[in-house]
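Subject: A structure for you to look at

Hi there,

Here is the structure I promised to pass on. Have a look at it first, and then read on for my notes.

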Amino acid sequence: PIVFISAPSNLYSNLEAERAVLAALLLDQKETPAEILPLLLDSMFSDDRHAVLFRTIARLHEEGIALDHITLRDDLLNYGLLEEAGGVEYISSLMDEVAGPSNAVSYARIVADKWQRRRAREAAEETLKTLGAPEIGTDLVVQQAIARFTLVPDIEGVKALTLSEAVDAAIGDVDRMHAHG
């Protein structure tokens, strides 16, 4: 039987960093979007609400619309996405927790790193499933594993993991989990 090792969720997501990125984008419409938007994709956010908010903020910025929690809320309402984005209270609460736009790039890198870890974990799980299928030859299993571990390399500021680095990171995660019991 195939055994999947569970890991603490904080290895694969950091909701505080996600919230801080969104808040920084709302607080500073001049420098922060130019620094952050090229680093992230909406799919990198582990919380679906954050993905909707990021996608909307990016679009509004691209359209040159002045951005704050009011214009964001209005746009989400117009597109029927307000509840999917967490509602009015959730959007307002983003402004309460931010450390400031000055750390936004660091937060964005955390979000991107956690996304890469999720991608590596998913690739490892799929590879383990494939290994458990005797009808699939070893060469094909290896080819599929390499393809799965090829993480998106073309995002500015985010270092793509090689197969070796992804495997090393996964082994390190397992070692840390066992060490902390």
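A word on naming before anything else: helices (H or I, at least four residues) and strands (E, at least two) are DSSP runs, numbered from the N terminus. By that scheme, A120 lies in helix α6.

You are looking at a predicted model, where local features need pLDDT of at least 70, side-chain atom pairs count only at pLDDT 80 or more, and totals for chains, interfaces and linings use all residues. Residues are numbered from 1 along each chain as its sequence is written, and side-chain values use heavy atoms, with hydrogens and water left out.

**The overall picture**

The protein has eight helices and zero strands, so its pattern along the sequence reads α-α-α-α-α-α-α-α. Of its 181 residues, 36% are buried, where buried means under 20% relative accessible area, exposed over 50%, and partly exposed in between (1.4 Å probe, protein chains only). Contact here means heavy atoms within 4.5 Å. Among the contacts with a separation of 6 or more, 69% join residues 24 or more positions apart.

**The core**

In soluble globular proteins, nonpolar side chains tend to be buried together. A nonpolar core is a set of buried Ala, Val, Leu, Ile, Met, Phe, Trp, Tyr and Cys residues joined through side-chain atoms within 4.5 Å. The largest one in this model has 33 residues, and V21, L40, L53 and L72 touch the most other members. Two or more core residues come from each of α1 (15–27), α3 (48–62), α4 (69–78), α5 (87–97) and α6 (104–131). The largest share, seven residues, belongs to α1.

**How the helices pack**

Two packed helices are described by the angle between their axes and the distance between the axes. The axes are lines fitted to C-alpha atoms, for helices over the stretch in contact, and angles run from 0 to 180 degrees between N-to-C directions. Angles under 35 degrees count as roughly parallel, over 145 as roughly antiparallel, 65 to 115 as roughly perpendicular and the rest as oblique.

- α1 and α3 have axes 11 Å apart, at an angle of about 25°, and are therefore roughly parallel. The crossing is left-handed, meaning that the near helix is turned anticlockwise from the far one by less than a right angle (right-handed if clockwise). From α1, L15, E18, R19, L22, L25 and L26 meet H50, L53, F54 and I57 of α3.
- α1 and α6 cross at roughly 140°, and their axes come within 8 Å. That angle makes α1 oblique to α6. α1 passes α6 in a left-handed crossing as well. Here A17, E18, A20, V21 and A24 of α1 meet A104, Y107, A108, I110 and V111 of α6.
- α6 and α7 (residues 138–148) pack at about 170° with axes 9 Å apart, and are therefore roughly antiparallel. A123, E126, T127, T130 and L131 of α6 make this contact with V141, Q144, A145 and R148 of α7.

T56 lies in helix α3 and counts as buried, at 4% relative accessibility. Leaving aside neighbours within four places in sequence, T56 is in contact with L72, D75, L76 and L81. The C-alpha atoms of T56 and L76 are separated by 7.5 Å.

Beyond four places in sequence, D47 is in contact with L15, E18 and Y90.

Lastly, P101 sits in the loop between α5 and α6 and is partly exposed, at 26%. P101 and D28 are 73 residues apart in sequence, with 6.7 Å between their C-alpha atoms.

Enjoy exploring!
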